[in-house]
Amino acid sequence: MSQLRLVNVMEEIVSGLVRYFLRSVEYQTFCNCEECELNIVANVLNNLPTYYVVSLNAREEAFNELKDSRNIENINKEIIRAIHAVGKRRGHVE
Ligand SMILES: [Zn+2]
C-alpha cells in the first residue's frame, strides 16, 4: 500500500523549525500568530531550494539528507534572517 503524495520535504522541515523558533525564549518578542508564522515560512522557502518527493520512502531519505548538520545550520540562518525581515512584534495590530 504505497501512497503517493507530492511533498516538499524542505517545506516540512522549515515549517517545523519556524514553529520551534517562534516559540523559543529568544524570539518571544516576535508574533507567532498563524499569519506571521506562514509569512516567515514563505519567505524562507523562497530562498531555499525545493526538495520534492512522491513516496514515503523517498521522504525518509530526503529527511535524513536534509537533516545533515551543515544543512540545518544553513536553514536556521535563513529562518533567523526571515524572522527579522518579515516577523512582527508580538501583539501587533494589522
Ligand atoms: Zn502575527
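**Helix packing, aromatic cluster and surface patch**

The buried residues of α2 are covered by elements that include α1 (9–22) and α4 (69–86), where contact means heavy atoms within 4.5 Å. Helices (H or I, at least four residues) and strands (E, at least two) are DSSP runs, numbered from the N terminus. The model is predicted, so local features need pLDDT of at least 70 and side-chain atom pairs count only at pLDDT 80 or more, while totals for chains, interfaces and linings use all residues. Residues are numbered from 1 along each chain as its sequence is written, and side-chain values use heavy atoms, with hydrogens and water left out.

Within α2, the buried residues are Cys36, Glu37, Ile40, Val41, Asn43, Val44 and Leu45. Buried means under 20% relative accessible area, exposed over 50%, and partly exposed in between (1.4 Å probe, protein chains only). Helix α2 covers residues 34–45, twelve in number. Its expected span is 1.5 Å times one less than its number of residues. That gives 16 Å, and the end C-alpha atoms are 16 Å apart, which agrees.

The chain has four helices and two strands. From the N terminus, the order is β-α-α-β-α-α. The C-alpha trace spans about 45 × 25 × 20 Å along its principal axes. Of the 94 residues, 34% count as buried. Among contacts with a separation of 6 or more, 82% join residues 24 or more positions apart.

Three aromatic pairs were counted. Rings of Phe, Tyr and Trp (its six-membered ring) pair if their centres lie within 6.5 Å; planes under 30 degrees apart count as stacked, over 60 as edge-to-face and the rest as tilted. Tyr20 and Phe21 make an edge-to-face pair, at 6.3 Å centre to centre and 90 degrees between the planes. Tyr20 is exposed at 59% relative accessibility, whereas Phe21 is buried at 11%. The Tyr27 and Phe30 pair is tilted, because the ring centres are 6.0 Å apart and the planes stand at 45 degrees. Tyr27 is buried at 10%, and Phe30 is buried at 14%. Tyr20, Phe21, Tyr27 and Phe30 belong to one aromatic cluster.

The accessible surface of the chain is about 6500 Å², and carbon and sulfur atoms hold 50% of it. Areas come from the Shrake-Rupley method with a 1.4 Å probe; for residues, only the protein chains shown count as cover. Val54 lies in the loop between β2 (52–53) and α3 (56–66). Val54 is partly exposed, at 45% relative accessible area.
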